[in-house]
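Welcome! Please open the structure in your viewer and keep the selection tool at hand. We will take the stops one by one.

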Amino acid sequence: LVSPADVPEQPEESVWTNTDRQQVARAARSLSLALNMDEENQAVRDQNVQLAETLSDSLHQVKNPLQALRTYGKLLQQQIANTSADANSS
């Protein structure tokens, strides 16, 4: 990371003025910050993908037993209804 204060003074015969060097230093700092922000943004996107996969897996882990319980409950209701119908017809 370069700041204008870090720009060394050049001899008088330099083609670059002090203002030119400061502008180049500011541009370099801006590019560096943009690169860091882009890397952080990509890291957050990667974390979001991982979180979505984890949540999807967890939801699957919960839904399967619930479906089995729902099916068992319906079978139990049918059995109770059949048992009650058999008892009433006797």
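A word to know before we set off: buried means under 20% relative accessible area, exposed means over 50%, and partly exposed is in between (1.4 Å probe, protein chains only). This is a predicted model, where local features need pLDDT of at least 70, side-chain atom pairs count only at pLDDT 80 or more, and totals for chains, interfaces and linings use all residues. Residues are numbered from 1 along each chain as its sequence is written, and side-chain values use heavy atoms, with hydrogens and water left out.

Start with the whole protein. You will find one helix and zero strands (DSSP runs numbered from the N terminus: helices are H or I, at least four residues; strands are E, at least two). Of its 90 residues, 3% count as buried.

Next, select T17, in the segment before α1. Is T17 buried or partly exposed? With a relative accessible area of 40%, T17 is partly exposed. Now show its side chain: one of the polar atoms there lies 3.0 Å from the backbone nitrogen of D20.

Move on to R21, which sits in helix α1 (residues 18-89). R21 counts as buried because its relative accessibility is 12%. Which backbone oxygen lies 2.8 Å from a polar atom of the R21 side chain? The backbone oxygen of W16 does.

Finish by selecting W16 itself, found in the segment before α1.

Technical notes. Polar contact = N/O pair within 3.5 Å; in protein donor to acceptor, adjacent residues only side chain to side chain.
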